[in-house]
Amino acid sequence: MDIVSASWATWRQPYLWWLQLLRKIMHLWVKTTVLPQPLTDLHIDPKIPVCYVLENHALSSLLILEQVCRQHNLPSPLQPLPLEQQQLLRSHGSLSRFRGIIIRHKELRRSSRMLTALVTGNLVSEHADVQIVPVTVLVGRAPDQEVSLTKVLFSENWDVGGRIRRFFSLIINGRATMVQLAEPILLSELRSEGLDAQRTLRKLTRILRSHFRNTRAAAIGPDRSHRRTLIDSIVARDVVQQAIASYAQKYEVELEQAENEALTYAREIAANYSYTMIRASELALRWFWNRIYRGIDVHHFREFQDIASSHEIIYVPCHRSHIDYLLLSFILYERGFVPPHIAAGINLNLPILGSFLRRGGAFFLRRSFRNQVLYTTVFNEYVSALLAKGVHIEYFIEGTRSRTGRLLPPKVGMLAMTIRAYLQNPERPVMFQPVHIGYEALVEGKSYDHELRGSGKRKESWRDLIIGVIGILRKNYGQVNVSFGEPILLTQMLEKHHEDWNEAPLEQQMKQQWLNPVIDDTAWNIMANINAATHVNPVNLLAICLLATRQNALDEQDLRQLLAVYQRLLPQLPYGERISMTTKTPDEIIAYGIELGIIELREHSLGNIIKVHKSQRVLISYFRNNLAHLIAVPSLIASCFLHTQKVSISRLHQICRLVYPLLRRELFLPWPESQLEKIIDHHLLIFRRLGLLRKIDREHIYQRASGGSKEAWLLRLIAHALLQTLERIYITFAVLGKNGSGKLNRVDLEKLCQQSAERLSILHQFEAPEFSDRTLFKQLIDQMLEMGLLQRNDENRFVFGDQLDQLNTDAKLILSKEIRHSILQLAPNKQLLEALAAGALTAATPESGPAGDDQAANSGTHKEVNTVDD
């Protein structure tokens with residue numbers, strides 16, 4: 001249709017009738033998903049003329065747009081565009097047109113005729129205006145409820161298809177059509193910049209092309225080069241060629257052989273992204289999720305969506321299950337975002353499976369890069385190439401799946417590569433998007449149970465995969481909650497540590513002392529922001545309540561009361577607005593837990609008993625630990641009232657100042673130590689609101705209710721939520737104290753602490769293999785080293801001073817006499833154990849009870865910790 005031709009106006013009405021007939025016929029089948037929702041977010045002014053602009057002219061796209069406008073009461077693209085100087089015969093245009101019936105060729109032109117007429121034709125006065133609305137139509141991209149792999153062949157991509165392909169695409173994928181409208185561009189705003197008409201037209205065209213490219217890339221992924229071409233370009237880079245030469249010299253091989261080795265590494269690493277595979281996977285995963293889950297809830301996605309389009313996105317979710325990366329990719333794809341490239345362990349590169357994963361965006365990395373300079377160089381350049389191409393990336397900063405439910409210490413290797421790659425090419429700003437994934441049941445639950453009990457991790461195999469999938473399909477795993485945390489902008493982190501970071505030469509940037517603190521600080525913020533996006537589900541609440549009791553059981557009415565207290569307590573914590581919680585009532589939570597098989601009800605004449613199901617006694621601690629960071633400070637404060645009724649505010653501050661740094665590093669708590677007193681006071685205010693503590697103002701003292709009261713009992717159960725963590729800290733202090741300063745190296749300390757924890761759990765009859773998990777003791781020792789509580793001497797043994805004395809003294813207020821004496825008695829002495837193992841001591845050696853152990857611990861000439869005794 002011409003724009004202003006008078007001759008065409010004669011035939012315009014019959015032509016419009018013909019288009020309306022085609023539209024009605026086509027939409028007997030075609031169904032659209034319209035973005036954004038709601039369309040009122042676009043703020044299209046009905047009083048100002050609207051001109052729609054498509055990326056490529058296609059009659060089907062125009063008719064789809066016409067249908068959308070009719071459904072949402074928007075101006076029609078087929079109606080005339082009323083202007084002051086002249087009325088144009090249509091209200092739509094396109095940046096590109098293609099000629100040819102079978103073989104399609106792009107028409108050579110610099111800009112749209114419609115835009116040219118609007119901008120340079122003097123049709124719009126300075127006082128009038130036109131809204132230019134970009135419209136993207138993608139056939140075969142919107143979420144589809146129907147499962148058919150045939151549709152994948154005709155889904156949307158970057159290639160320019162002909163009329164025949166578009167016809168079959170509408171037939172096959174018409175019910176999966178996505179239409180995305182953008183905020184209008186006001187012609188008056190462009191003119192107000194003072195450019196002449198031609199420069200204004202060129203600027204508008206550039207804006208629209210950039211918009212269409214970004215929208216298409218967000219929906220179906222960037223236009224990627226062939227994998228082989230990418231691999232060849234990486235190996236040809238100067239830095240890789242230098243590494244190849246060094247490799248050849250070091251191993252005394254020919255350059256050609258060294259280059260082939262680099263090519264082998266690149267092929268081992270590189271993904272082979274296929275949109276067809278993504279589409280097929282989406283169909284399969286939709287069926288899979290419906291089979292094993294009751295639903296997938298996504299939180300705070302809109303906040304992420306608002307900022308995502310202007311940044312290169314690095315997704316950094318917590319790692320709880322192999323389901324994580326499938327789930328996140330599915331959620332992103334379903335909401336109009338291209339699934340990212342995912343860093344996967346080389347252990348998943350199984351025959352056949354590895355090829356499927358590569359086509360889904362997985363690129364593989366080895367567990368260790370140590371002493372592999374050429375491999376490291378190739379991998380670094382591959383990551384740099386992905387970022388330079390605008391490819392979104394996902395990796396798990398913990399490095400492996402958490403077997404305990406807590407976040408693991410971050411492995412910063414991939415993070416460092418990302419930051420260095422950005423410094424090499426800082427064109428598009430990078431943002432790290434933390435994601436919290438919360439499950440109500442784990443598909444790997446049995447394997448985690450076995451590993452925590454001491455069994456080694458089994459190597460992945462096809463046999464285990466097939467058996468595992470069959471077993472998974474037989475069960476239901478409840479609800480999944482995926483929550484998008486506060487993003488971390490890399491430029492802000494760089495400016496925080498070095499304002500002039502982008503002014504130094506690249507070679508100097510890579511070696512600057514401020515770069516490592518940037519990496520560590522970014523890693524810390526990622527972990528803290530994952531925690532700050534936690535969703536509290538019913539299983540979390542049941543776990544934290546029932547595991548606070550000795551037998552993992554509570555009276556049904558008492559459990560209701562404790563659940564209600566937590567539902568009031570947790571939303572008041574100063575964690576930010578992204579913490580969310582189940583809306584179920586305590587009664588509904590209990591019924592839901594019974595339905596999932598997490599808990600069981602035992603009827604009794606004096607009142608029903610709710611207890612953890614025997615099959616869940618070990619694994620349920622995983623779901624309690626999901627909330628460890630939320631309950632840490634409330635539980636620490638409550639612990640101070642376990643063995644005394646009154647505690648002064650200054651004493652509370654003192655105890656928390658000593659213990660909080662250890663908790664902060666283990667659980668990635670967000671508050672710096674400088675804010676601790678303010679945070680403690682805020683928590684005390686919450687306890688007052690809940691009626692669990694009261695303040696005696698004149699004495700600056702907090703007081704709990706008297707023993708035997710319901711309030712004192714609830715406070716005790718809150719305290720017990722963190723009790724095992726505090727016991728693990730005290731075990732470490734006791735082992736150090738019994739052996740003395742300068743006597744234990746790291747291996748010895750970890751081993752003795754683990755043995756003590758294992759024995760304590762057996763003697764006190766609680767099933768919690770993670771209590772004696774060696775990884776947790778490793779983390780605790782690292783934290784003590786960072787804080788300066790421990791140092792290493794020349795023999796690489798741990799030395800310490802008087803600071804541990806105060807920590808042991810404070811344990812008297814928090815831990816019961818029974819537990820403290822048990823730990824002191826069980827804490828092993830390395831020299832004594834070595835002597836027993838060597839046969840130096842015989843059965844005739846006098847027995848020693850708790851007092852004897854204390855005496856042994858305090859003998860010798862070396863400096864020791866003064867342990868507390870009553």
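This is a predicted model: local features need pLDDT of at least 70, side-chain atom pairs count only at pLDDT 80 or more; totals for chains, interfaces and linings use all residues.
**View 1. Helix H9 packs on helix H14.** Here residues 255-269 make up H9 and residues 373-388 make up H14. Their axes sit 9 Å apart and meet at an angle of about 50°. That angle makes H9 oblique to H14, and the crossing of the two is right-handed. On the H9 side, the contact is made by Ala258, Glu261, Ala262, Tyr265, Ala266, Glu268 and Ile269. Sort these residues by class and you get ten nonpolar, two charged and no polar ones.

**View 2. Trp524 pairs with Phe668.** The count of aromatic pairs in the model comes to 22. One of them is Trp524 with Phe668, a tilted pair with 5.5 Å from centre to centre and 55° between the planes. Trp524 belongs to helix H20 (residues 515-531), while Phe668 is in the loop between helix H26 (649-667) and helix H27 (676-689), so the pair ties together parts that are 144 residues apart in sequence. Phe668 is tucked away too: its relative accessible area is 5%, so it counts as buried.

**View 3. Tyr575 meets Trp671.** Look at the two rings: their centres are 5.1 Å apart and their planes are at 65°, so this pair is edge-to-face. Tyr575 lies in the loop between helix H22 (556-569) and strand E19 (580-581), and Trp671 lies in the loop between H26 and H27, so parts 96 residues apart in sequence get tied together. Are these two residues buried or exposed? Both Tyr575 and Trp671 are buried.

**View 4. Helix H26 crosses helix H29.** H29 covers residues 723-739, and its axis is 12 Å from that of H26, with an angle of about 110° between them. The two helices are therefore roughly perpendicular to each other. H26 passes H29 in a right-handed crossing. From H26 come Val659, Leu662, Leu663 and Glu666, which meet Thr725, Leu726, Arg728, Ile729 and Phe733 of H29. By class, that contact has six nonpolar, one polar and two charged residues.

Notes: Residues are numbered from 1 along each chain as its sequence is written. Side-chain values use heavy atoms; hydrogens and water are left out. Axes are lines fitted to C-alpha atoms, for helices over the stretch in contact, and angles run from 0 to 180 degrees between N-to-C directions. Helices (H or I, at least four residues) and strands (E, at least two) are DSSP runs, numbered from the N terminus. Angles under 35 degrees count as roughly parallel, over 145 as roughly antiparallel, 65 to 115 as roughly perpendicular and the rest as oblique. A crossing is left-handed if the near helix is turned anticlockwise from the far one by less than a right angle, and right-handed if clockwise. Contact means heavy atoms within 4.5 Å. Ala, Val, Leu, Ile, Met, Phe, Trp, Tyr, Cys and Pro count as nonpolar, Asp, Glu, Lys and Arg as charged, and the others, Gly among them, as polar. Rings of Phe, Tyr and Trp (its six-membered ring) pair if their centres lie within 6.5 Å; planes under 30 degrees apart count as stacked, over 60 as edge-to-face and the rest as tilted. Buried means under 20% relative accessible area, exposed over 50%, partly exposed in between (1.4 Å probe, protein chains only).
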